[in-house]
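Student: I would like to learn how to read a protein model. Please take me through it one feature at a time.

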Amino acid sequence: MKYMLLAYGNEEKFNQMNKDELAEIGEKCKSFDAEMQAAGEVTWGGSLSWSSKSMRLKDGKLIVTDGPFAETKEVVGGVVIIEAPDFDAAVKLASLHPAARMGEELGWGIELRPMDDCPAIREAASNARRQT
């Protein structure tokens, strides 16, 4: 089963870090990647920009709004898709992520969610590829 690991952080605190502190975090992230590869399957992972946009219909009109949107200073800063046999195993893998192990002063944290496969999206993507 696939699980989505969301890494949260505080942009303001992150921006106050010096080059050495950022380099240390970068090294810990590289170490995390290696541990995740050794412990299980990482399907995809990447960092996200602090900025975002939201799109919602309101009164039949699409409204685009600048983000972040959560009522908090923490925003999603990274996404990792992992494969694990069950939720307990996924938690064990996610606990290797630097945001779960360090950075308390940065407001870092992890959210882990099981993912359901969406056959309709997969089929639409496959059809679109065939048409090009």
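Tutor: The turns below go from the overall fold to salt bridges and then to a surface patch.

Tutor: This is a predicted model, in which local features need pLDDT of at least 70, side-chain atom pairs count only at pLDDT 80 or more, and totals for chains, interfaces and linings use all residues. Residues are numbered from 1 along each chain as its sequence is written, and side-chain values use heavy atoms, with hydrogens and water left out.

Student: How many helices and strands does the protein have?

Tutor: Helices (H or I, at least four residues) and strands (E, at least two) are DSSP runs, numbered from the N terminus. Here there are 5 helices and 6 strands. Their order from the N terminus is β-α-α-β-β-β-β-α-α-β-α.

Student: What share of the residues is buried?

Tutor: A residue is buried under 20% relative accessible area, exposed over 50%, and partly exposed in between (1.4 Å probe, protein chains only). Of the 132 residues in this protein, 24% are buried.

Student: Which side chain meets Lys28 in a salt bridge?

Tutor: A salt bridge is a side-chain nitrogen of Lys or Arg within 4 Å of a carboxyl oxygen of Asp or Glu. The structure holds 4 of them. Lys28 pairs with Glu24, at 3.2 Å from N to O. The two residues are 4 apart in helix α2 (residues 19–39), so about one helical turn separates them. Lys28 is partly exposed at 35% relative accessibility, and Glu24 is partly exposed at 45%.

Student: Where do Glu27 and Lys30 lie?

Tutor: Both are in helix α2, 3 residues apart, which means a separation of about one helical turn. Glu27 is partly exposed, with a relative accessible area of 49%, while Lys30 is exposed at 55%. Another salt bridge joins Glu111 and Arg113 at 2.5 Å, N to O.

Student: Which residues make the nonpolar surface patch?

Tutor: Patches are made of residues with over 30% relative accessible area and no salt bridge; like charges are joined within 9 Å, nonpolar side chains (Val, Leu, Ile, Met, Phe, Trp, Tyr) within 5 Å. Accessible areas come from the Shrake-Rupley method with a 1.4 Å probe, and for residues only the protein chains shown count as cover. In this model Met55, Leu57, Leu62 and Val64 make a nonpolar patch of about 450 Å². Strands β3 (53–58) and β4 (61–66) each supply at least two of its residues.

Student: Is Leu57 buried or exposed?

Tutor: Leu57, in strand β3, is exposed, with a relative accessible area of 66%.
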